[in-house]
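Hi there,

Here is the structure I promised to pass on. Have a look at it first, and then read on for what turned up.

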Amino acid sequence: MVGQARRIDLNCDLGEARRGTPRWPASLAPGAGPDPDDAALLDVVTSANVACGFHAGNRPTMIATAVAAAERGVALGAHPSYRDGANFGRVEHELDREEVARLVEFQLVELDMAARRHGTRVRYLKPHGALYNRIVRDPEQAAGVVDAVVRYADLANEEPVPILGLPGAVVLSHAAAVGVPTVTEAFADRGYRPDGTLVPRGEPGAVITDVDEVAERVVGMATGESITTAEGARVVVAAASVCVHGDTPGAVDLARRVRASLEEAGVEVAPFAAPYVPPRGPVARGSGRDAAGDGPAGEPGSG
């Protein structure tokens, strides 16, 4: 497992354009590039979890975000989900191990192929939303996620990419057992329960928006101090990476404040996975569009 000693990675969910919102048509415009807020967040964070089309995103957002991340030295991560664009990937699906493996591998391949065509690569995988929370406790779906990572590594004849998840999650223990690297994650702006799990969205205390409180909590996480749970207890949340959600109100200012607070506390902010460096030549500066269409191959307009 990747460890942490006064060093922390900041990750953020990006490329999450959704149908029916202004971000969707804007992402499909010629030469659009990354969403402006995403670009601003990429100037702050060190790892980017990019939506792969099943809960949000499309090929243009995948390409534009991957290229922008590479230009800034930000590590690129795949952010796969259930096939659940209508609910932004926040509803659990009853799938077996093989079904989960297929849908996660498809999304990982899509993002990495898009990244490869533009001079960069996926460096880790972090499931999204309901899938992320399900594999904290569900051995079968957790095994499916790990299978996807192993299969793609075998296909590419490479070492498997690390899986990012909650401390104590079943997916991390299963991954470690089969030799897949794991990275523990905490959440800057989410409420915690005394057992170290997240307060479900929709319940009181699930999302924290006070910038001062968020910054203080992240510094505490990075330095091994306890934080206050939604119930008022104290819990230590040890992790190698901290997520700042891109859809939290004021996300850009919050991320800047978190990073500044960490650096003021003497904590190094750096990616846990080194960004991909192409063997020769600079990263291609594409328009963010892809001739194959506006959605993953075989999934036109997914998301």
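A quick definition before the details: a residue is called buried under 20% relative accessible area, exposed over 50%, and partly exposed in between. Please also keep in mind that this is a predicted model.

Let me start with the salt bridges. A search of the whole structure finds 21 of them. In one, the side chains of R23 and D35 meet, with N and O 3.3 Å apart. This pair links distant parts of the chain, twelve residues apart: R23 sits in helix α1 (residues 23-28), while D35 is in the loop between α1 and α2 (36-42). R23 has a relative accessible area of 30%, so R23 counts as partly exposed. D35 is partly exposed too, at 21%.

Another salt bridge joins E94 and R134, whose closest N and O atoms are 2.9 Å apart. Because E94 lies in the loop between β3 and α4 (97-116) and R134 in helix α5 (residues 129-134), the pair ties together parts that are 40 residues apart in sequence. What about their surroundings? E94 is exposed at 64% relative accessible area, whereas R134 is buried at 9%. Both belong to a network of salt bridges that links E92, E94, R134, R137 and D138.

R259 and E263 make a salt bridge within a helix. Their closest N and O atoms are 3.0 Å apart, and both residues lie in helix α9 (residues 251-264), four residues apart, or about one turn of the helix. E263 is partly exposed, with 44% relative accessibility.

Now for some buried positions. Helix α3 (residues 59-71) holds T65, which is buried at 2% relative accessible area. The T65 side chain reaches the backbone oxygen of T61 at 2.6 Å. I63 is also in helix α3 and is buried at 1%. I63 and D112 are 49 residues apart in sequence, with their C-alpha atoms 9.6 Å apart in space. In strand β3 (residues 75-79) you will find G77, buried with a relative accessible area of 0%. Between the C-alpha atoms of G77 and N49 there are 4.6 Å, although the two residues are 28 apart in sequence.

Finally, the surface: D210, E213, E216 and E225 form a negative patch there. D210 is in the loop between β6 (182-187) and α8 (211-222), and is partly exposed at 40% relative accessibility.

Enjoy exploring it!

Best wishes

Conventions:
Residues are numbered from 1 along each chain as its sequence is written. This is a predicted model: local features need pLDDT of at least 70, side-chain atom pairs count only at pLDDT 80 or more; totals for chains, interfaces and linings use all residues. Side-chain values use heavy atoms; hydrogens and water are left out. Patches are made of residues with over 30% relative accessible area and no salt bridge: like charges are joined within 9 Å, nonpolar side chains (Val, Leu, Ile, Met, Phe, Trp, Tyr) within 5 Å. Accessible areas come from the Shrake-Rupley method with a 1.4 Å probe; for residues, only the protein chains shown count as cover. A salt bridge is a side-chain nitrogen of Lys or Arg within 4 Å of a carboxyl oxygen of Asp or Glu. Lys and Arg count as positive and Asp and Glu as negative; His and the chain ends are not counted. The place of a charge is taken as NZ of Lys, CZ of Arg, CG of Asp or CD of Glu. Helices (H or I, at least four residues) and strands (E, at least two) are DSSP runs, numbered from the N terminus. Buried means under 20% relative accessible area, exposed over 50%, partly exposed in between (1.4 Å probe, protein chains only). A polar contact is a pair of N or O atoms within 3.5 Å; within protein, one must be able to donate a hydrogen and the other to accept it, and residues adjacent in sequence count only if both atoms are side-chain atoms.
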